[in-house]
Amino acid sequence: MRHSLKSLAGFLLMLLLTTLACTIPGTGSDTPEATPTPEGDAMTFVIPAYTYSLEPGATVPGSQLVYVGKTGDLHDVTINGEPAQKRVGDSFIWSGVVAPGVFAEYNLRLAPDFLGPLPVAGPVEVSVLNPVPMAINAMPEWPNAIRYNNIVMAHNVPVGWTIPGTTLVYDGVSTQGEVNSARLTGLTGHPLFALGDSITWMGTLKDNAAIRFTFRVVNFSENSLQLGGTAELLVNR
């Protein structure tokens, strides 16, 4: 199950990148103009295929979803402290504050356990309120942090705009040799990225939330930069 769900996350990412790369590579379309990505007062991160395995007495990280144990074909759980009995395939849903300024929605279901730990799987959304991105050189070592992996990212960034959640600004197209490249400001090091290149950025969004983005350049033009990739979010409780 875990392998199949990881494959699903990979498939969703590839589908997303393929959809974005529908214009001529490295040039993009001049019409219509790029629509700025809303930044607002919160950033929401989507994990389409979150998975976790629960031993009796364990809690889904960051939530109030607890696996108590198994009675026959029924799984005893608590949700917000309230007892319930669930079968394989049943919903396991919770939403609430996981840490100061961080809200999450878990829309999980129980997967077959085959006499081992109880797997749960499904989409999770995590929202960081009032983020203020600041670059860091390495991810913090928070021993009690909640870790959200396999966040799927896609952005269409107009020229002169910041890539959401980072300090990187798309500054248009430059040529190195005979190859057009996207030019970024707000980073240390070489600022040019060709079609298909990776872009990694690490930083904090709040004092208790750190993130690592791993993007690929999907397409770019003088008007906009299209990115796809994944992110890893740490939330310190």
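I began with Phe215, which counts as buried because its relative accessibility is 1%. By the definition I used, buried means under 20% relative accessible area, exposed over 50% and partly exposed in between, with a 1.4 Å probe and protein chains only. Phe213 has 0% relative accessibility, so Phe213 is buried too.

I noted that this is a predicted model, where local features need pLDDT of at least 70, side-chain atom pairs count only at pLDDT 80 or more, and totals for chains, interfaces and linings use all residues. Residues are numbered from 1 along each chain as its sequence is written, and side-chain values use heavy atoms, with hydrogens and water left out.

Next I looked up aromatic pairs. Rings of Phe, Tyr and Trp (its six-membered ring) pair if their centres lie within 6.5 Å; planes under 30 degrees apart are stacked, over 60 edge-to-face, the rest tilted. I found five aromatic pairs by this rule. In one of them, Tyr50 and Tyr106, the ring centres are 6.0 Å apart and the planes stand at 85°, so the pair is edge-to-face. Tyr50 sits in strand E1 (residues 42-54) and Tyr106 in strand E6 (residues 102-110), so this pair ties together parts 56 residues apart in sequence. Strands (E, at least two residues) are DSSP runs, numbered from the N terminus. Tyr50 and Tyr106 are both buried. I then returned to Phe213 and Phe215: their ring centres are 5.2 Å apart with planes at 10°, so this pair is stacked. Phe213 and Phe215 form one aromatic cluster with Phe45 and Trp201.

I turned to the nonpolar core, a set of buried Ala, Val, Leu, Ile, Met, Phe, Trp, Tyr and Cys residues joined through side-chain atoms within 4.5 Å. The largest has 50 residues, and those with the most contacts inside it are Phe45, Phe92, Val98, Tyr106, Tyr148 and Leu233. Strand E14 (residues 209-220) gives the most to this core, with six residues. I also listed what Val98 touches (contact means heavy atoms within 4.5 Å): leaving aside residues up to four places away in sequence, these are Gly62, Ala104, Tyr106, Ile146, Tyr148, Val235 and Arg237.

Last, I looked at an open sheet of three strands, in the order E2-E3-E4 with antiparallel pairing. Two strands pair if DSSP finds at least two bridges between them. The edge strands, E2 (65-71) and E4 (82-86), each pair on one side only. I counted six bridges between E2 and the antiparallel strand E3 (residues 74-79). Gly69 stands opposite Asp76 in E3.

Definitions and conventions. Helices (H or I, at least four residues) and strands (E, at least two) are DSSP runs, numbered from the N terminus.
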